[in-house]
Amino acid sequence: MTPEDYEQLAKPYVPSRPVFKNCVRAFLSGGLICVIGQGIQEAFMAIFDMTAREAASPMAGTLILISVILTSFGVYDKLAQWCGAGTAVPITGFANSMCSAALEHRAEGLVLGVGANMFKLAGSVIVFGVVAAFIVGVVYAILGFGGGHL
């Protein structure tokens, strides 16, 4: 049996995916995470008399902490199943991926378990983020945008 024959045979049994519904869920859940982040930032600005720039870092740290706590209790994964990509894209998804890997491999020890496995998924995100930032920086420098010139 060729792969094409198998695909034709299996096609009627493959459930259809509700793409529009999944997109709406991802949009709403990702937006809700951003609204919560904005609320946290506004709270830092009001309570601690910070500027928006000063409140951005503690807001991100707070979102990361909330994500790690929810991941540790198994709540974030259930939310992610319903929300889809909406929970994977913001900073909370990155924290969830690192925390999940750390929890999964904690029995193997701190160095060879947690330390070695926690960056398997997150490592590629970091590498591609740094490479993309470098390319954008070079393009901006060549075109003369932004602060200084080469």
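Analyst: The discussion below concerns a predicted model and sets computed values against their cut-offs.

User: Why is S97 called buried?

Analyst: Buried means under 20% relative accessible area. S97 has a relative accessible area of 16%, which is under 20%, and therefore S97 is called buried. Its place is in helix α5, residues 91–104.

User: What makes the pair of S97 and F94 a polar contact?

Analyst: A polar atom of the S97 side chain lies 2.8 Å from the backbone oxygen of F94. The cut-off is a pair of N or O atoms within 3.5 Å, so this distance meets it.

User: How do you know whether H105 is buried or exposed?

Analyst: The relative accessible area of H105 is 17%. Because buried means under 20%, H105 counts as buried. H105 lies in the loop between α5 and α6 (110–117).

User: Which residues does H105 touch, and with which side chain does its own make a polar contact?

Analyst: Leaving aside residues up to four places away in sequence, H105 touches G113, V114 and N117. Its side chain makes a polar contact with that of E108, at 3.1 Å, a value within the 3.5 Å limit.

User: What is the lining of the largest pocket made of, by class?

Analyst: The largest pocket holds about 240 Å³ of space. Of its 13 lining residues, I33, I36, L70, Y76 and L79 are the closest to its centre. Two or more lining residues come from each of α2 (19–47), α3 (52–72) and α4 (75–83). By class, the lining has nine nonpolar residues, four polar and no charged ones.

Methods:
Residues numbered from 1 in each chain as written. Predicted model: local features only at pLDDT ≥ 70, side-chain atom pairs only at ≥ 80, totals over all residues. Heavy atoms only, no water. Helix = DSSP H or I, 4+ residues; strand = E, 2+ residues; numbered from the N terminus. Buried < 20%, exposed > 50% of the residue type's maximum accessible area, 1.4 Å probe, protein only. Polar contact = N/O pair within 3.5 Å; in protein donor to acceptor, adjacent residues only side chain to side chain. 1 Å grid on protein atoms, 1.4 Å probe; cavity = no way out; pocket = protein on both sides within 12 Å on 5 of 7 lines; lining within 4 Å. Points joined across faces, edges and corners; volume = space filled by probe spheres on them. Nonpolar A, V, L, I, M, F, W, Y, C, P; charged D, E, K, R; others polar. Contact = heavy atoms within 4.5 Å.
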